[in-house]
Amino acid sequence: MDLKNLHFVFVLFSTIGCCVGQQTTLVNGIVGGNATLSIINPPSPLPSFATAVWVTSQSGQRVPVASYVNQHVKFGPIYDGRATLDITTGSLQINKLTLTDSGPYDVTLIFSDGTMLPQQRVLKVYEPVTAVSVTANVTSAVEFNDTVSLTCTAQGSDLFFQWFNGSSQIMPSDRVSLTNGNSTLAISSIRRYDRGPLKCTVQNVFTSQSANLTLDVSFGPENILVTATPQLKPLTSGSNVTLNCSAQSSPAALFSWAVNGNVLKDVGPVYKLDNVAVDKSGNYTCWAYNGKTQRYAASQSVQLTFHEKVSNTKIVGPSTPLIAGNSSANLTCQTTSGSLNTMEWQKDGRPLVPSSSVTISADKTSVFISPVQRKDHGEYQCKVTNPVSTDTAIYRLNVTYGPEKAHVDGLEAVEVGNLVHLDCVVEAAPACNFTWKLNDTVKAVTTSKYIIESTAYSDTGSYTCKAWNVVTGMTAWSQPHTLTVNEKGTLPEPLSGGAVAGIIIGVLVAVILIAIIAKSLMKRRKKKEECCTNTGELAECPSKSCTNTGEQAECPSKSCTNTGEQANAADTES
Ligand SMILES: *[C@@H]1O[C@H](CO)[C@@H](O)[C@H](O)[C@H]1NC(C)=O
Ligand SMILES: *[C@@H]1O[C@H](CO)[C@@H](O)[C@H](O)[C@H]1NC(C)=O
Ligand SMILES: *[C@@H]1O[C@H](CO)[C@@H](O)[C@H](O)[C@H]1NC(C)=O
Ligand SMILES: *[C@@H]1O[C@H](CO)[C@@H](O)[C@H](O)[C@H]1NC(C)=O
Ligand SMILES: *[C@@H]1O[C@H](CO)[C@@H](O)[C@H](O)[C@H]1NC(C)=O
Ligand SMILES: *[C@@H]1O[C@H](CO)[C@@H](O)[C@H](O)[C@H]1NC(C)=O
Ligand SMILES: *[C@@H]1O[C@H](CO)[C@@H](O)[C@H](O)[C@H]1NC(C)=O
Ligand SMILES: *[C@@H]1O[C@H](CO)[C@@H](O)[C@H](O)[C@H]1NC(C)=O
Ligand SMILES: *[C@@H]1O[C@H](CO)[C@@H](O)[C@H](O)[C@H]1NC(C)=O
Ligand SMILES: *[C@@H]1O[C@H](CO)[C@@H](O)[C@H](O)[C@H]1NC(C)=O
Ligand SMILES: *[C@@H]1O[C@H](CO)[C@@H](O)[C@H](O)[C@H]1NC(C)=O
Ligand SMILES: *[C@@H]1O[C@H](CO)[C@@H](O)[C@H](O)[C@H]1NC(C)=O
């Protein structure tokens with residue numbers, strides 16, 4: 001079939017018209033790609049056809065694409081070399097697609113029996129998405145101030161724009177608008193969180209490409225925070241304190257400092273206070289400034305209080321001796337340094353309790369005692385505390401009194417040659433000086449004890465002692481104490497203190513033992529082989545041993561009795 005014939009066929013079909021009751025299906029292709037236009041729902045089995053003709057129309061002109069007539073395949077000039085026609089199915093494949101290939105494609109199959117199958121395919125050739133880019137009209141935005149407009153541009157046909165903030169799609173909202181077919185994103189009153197990356201995705205049926213942009217959004221300064229090292233607590237003068245200031249700011253903030261509202265020369269996030277003096281106490285504030293946003297912000301003021309350690313604490317008391325019932329004393333607690341001191345008084349390790357005679361001043365710096373009494377004697381402590389230290393001073397308050405109630409303690413009768421202690425007992429403070437008299441003769445003894453190593457008859461007489469308190473200036477005479485020195489053997493042997501104690505213990509033990517034994521004997525009346533005990537004296541025990549106070553005595557052959565009970569009947573009677 002020649003071209004003329006082919007043309008005839010085209011004319012024929014064009015006059016027949018198409019599209020009456022036929023099915024059309026859109027076929028998409030991409031520039032440079034392939035598209036296959038196939039017969040939809042062909043009769044099955046497909047009878048062989050005698051003629052197949054594909055035509056398209058461009059700018060209203062019908063353009064031949066491919067035909068199979070008289071068993072010859074022919075292509076239109078635009079498609080020659082890049083199209084194939086399947087003569088068993090009638091489907092058409094076009095390669096190296098161009099945008100102008102888009103359009104309706106009509107096919108008519110004429111089968112051997114003369115029946116016809118007209119169909120239409122619509123080919124849509126797309127340009128792929130390329131050259132996607134995002135630009136912002138503000139390169140450096142200021143938070144809350146700026147409205148930023150982002151434009152997404154791309155090459156390609158039938159473009160579809162989407163914006164993503166991180167992974168979530170951006171939808172229009174009160175601050176966000178999408179215009180120009182969603183290719184322009186405008187964010188008003190920009191926030192630091194809007195920085196992105198903000199991604200523009202452009203797609204059409206076949207392809208998709210993205211570009212992103214991260215906005216530079218200046219913000220702050222905010223949350224100005226001062227930390228002190230060592231951490232805030234009462235600080236000791238002389239220590240080193242470092243204040244550190246931080247802020248949320250982009251770009252980084254500049255820092256400066258103020259004390260009690262006065263701006264300091266020091267600039268920078270770190271403010272060092274070395275070897276601080278007490279007068280550096282105050283309220284410290286850090287100021288932060290962002291040059292981009294042109295905003296200032298201050299930290300909360302940090303109150304630093306420096307205290308000097310308490311030192312040289314002492315108690316100043318009366319300089320003259322204190323006489324009980326007579327003098328008064330004013331104890332004052334002094335300290336050379338320290339601030340915010342609190343004082344606390346103790347006497348002999350316990351809190352000092354005010355009384356009718358003891359007054360603690362309202363500021364607790366002094367204690368006034370009037371009149372001073374014997375019980376006021378003791379160790380006074382003043383404890384000075386401030387937030388950083390404690391210091392204690394001790395004062396021994398000596399109350400003087402007496403001598404009072406002088407009397408002589410000692411034996412009144414001794415045998416010649418014995419040792420004698422006479423004791424001059426007296427209540428006094430401080431200790432007294434003593435003198436002794438025998439009858440009216442002053443003796444050489446000047447201590448409270450008058451000791452005669454070995455008495456002579458001439459030691460008989462009336463002893464008196466005089467106690468003299470150097471501090472109070474008072475003296476006291478004891479009542480006379482008569483000592484009689486007797487001949488040897490005229491006095492009963494005096495029991496020593498140890499012997500007396502021994503007897504007392506022995507009696508007690510015996511009483512307890514009796515009680516125990518009486519009880520056990522009641523129980524064991526029939527048992528008669530045991531030895532016996534008694535309360536004190538060991539009875540004659542010729543044959544059998546026995547105990548009294550628990551000790552076993554030598555009693556080899558005889559039993560004994562205690563309070564009448566017979567214990568043993570081995571070889572003798574009770
Ligand atoms: C298009 O078809 C040609 C020939 O059939 C083939 O070589 C090529 O790989 C195809 N291209 C695509 C993208 O399918
Ligand atoms: C950027 O675009 C927004 C929205 O169109 C506009 O309000 C703003 O003034 C623009 N900013 C600059 C610096 O041009
Ligand atoms: C723009 O985006 C919105 C929200 O995603 C969507 O509803 C709308 O159809 C889009 N408009 C265009 C022209 O793509
Ligand atoms: C972007 O996402 C952040 C949270 O990740 C959100 O705070 C911000 O408002 C978003 N900005 C826009 C423009 O969607
Ligand atoms: C943003 O784009 C750059 C290349 O332009 C790419 O390397 C990066 O992964 C993208 N980031 C995101 C979050 O899409
Ligand atoms: C304080 O710092 C100075 C040096 O600046 C140093 O000599 C001194 O020992 C420090 N004092 C303390 C208590 O750490
Ligand atoms: C420091 O601040 C505190 C309260 O924050 C205030 O009571 C004090 O008077 C201030 N000190 C000075 C020196 O301004
Ligand atoms: C931001 O806006 C405020 C008030 O609208 C204005 O006073 C300020 O100067 C602006 N800041 C900058 C950096 O433009
Ligand atoms: C005790 O001494 C202090 C300091 O000298 C003085 O202030 C105070 O008034 C005195 N108290 C009495 C009760 O005299
Ligand atoms: C009180 O007596 C003690 C010991 O006798 C002495 O150490 C102290 O200094 C005396 N106190 C005064 C205030 O004289
Ligand atoms: C009082 O006795 C002390 C020793 O106890 C002595 O040192 C002092 O000299 C005596 N005083 C007089 C005035 O004898
Ligand atoms: C002391 O007086 C008594 C009674 O007058 C007398 O017996 C005694 O011998 C006198 N002693 C001395 C040492 O004079």
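Which residues are around ligand 12? In this predicted model, they are Asn-439, Ser-458 and Thr-460. Asn-439 places a polar side-chain atom 2.5 Å from an oxygen atom of the ligand. Thr-460 takes part through its backbone, where a polar atom is 3.2 Å from a nitrogen atom of ligand 12. On its own, ligand 12 has 360 Å² of accessible area, and the protein covers 33% of that.

The residues around ligand 5 are Pro-197, Lys-199 and Asn-212. A polar side-chain atom of Asn-212 lies 2.5 Å from an oxygen atom of ligand 5. Of the 370 Å² of accessible area that ligand 5 has on its own, the protein covers 28%.

The next topic is a sheet. Strands E11, E19, E21 and E24, in that order, form an open sheet with mixed pairing. Strand E11 (140-142) and strand E24 (270-273) are the edges, each pairing on one side only. From one strand to the next, the twist averages 30 degrees. Within this sheet, strand E19 (residues 216-229) runs antiparallel to strand E21 (residues 241-250), and 7 bridges join the pair. Thr-227 stands opposite Asn-244 in E21.

The cysteines come last. A disulfide is a covalent bond between the sulfur atoms of two cysteines. The structure holds 4 disulfides, among them the link between Cys-152 and Cys-200, with sulfur atoms 1.9 Å apart. The torsion about this S-S bond is about -90 degrees, so the disulfide is left-handed. Cys-152 belongs to strand E12 (residues 148-155) and Cys-200 to strand E17 (residues 198-203); the two cysteines are 48 residues apart and link distant parts of the chain. Both Cys-152 and Cys-200 are buried.

Another disulfide joins Cys-333 and Cys-382, whose sulfur atoms are 1.8 Å apart. This link is also left-handed, with -85 degrees about the S-S bond. It too connects distant parts of the chain, from Cys-333 in strand E31 (residues 329-334) to Cys-382 in strand E36 (residues 378-386), 49 residues apart. Cys-333 is buried, because its relative accessible area is 5%, and Cys-382 counts as buried at 0%.

Cys-424 and Cys-465 are joined with an S to S distance of 1.8 Å. Here the torsion is about 65 degrees, so the disulfide is right-handed. Cys-424 lies in strand E40 (residues 420-429) and Cys-465 in strand E44 (residues 461-468), 41 residues apart.

Cys-432 counts as buried, at 11% relative accessibility.

Key: Residues numbered from 1 in each chain as written. Chains lettered and ligands numbered in written order. Predicted model: local features only at pLDDT ≥ 70, side-chain atom pairs only at ≥ 80, totals over all residues. Heavy atoms only, no water. Near = heavy atom within 4 Å. Polar contact = N/O pair within 3.5 Å; in protein donor to acceptor, adjacent residues only side chain to side chain. Areas by Shrake-Rupley, 256 points an atom, 1.4 Å probe, with all protein chains shown as cover. Pairing = 2+ DSSP bridges. Helix = DSSP H or I, 4+ residues; strand = E, 2+ residues; numbered from the N terminus. Axes fitted to C-alpha atoms, helices over the stretch in contact; angles between N-to-C directions. Disulfide = S-S within 2.5 Å. Buried < 20%, exposed > 50% of the residue type's maximum accessible area, 1.4 Å probe, protein only.
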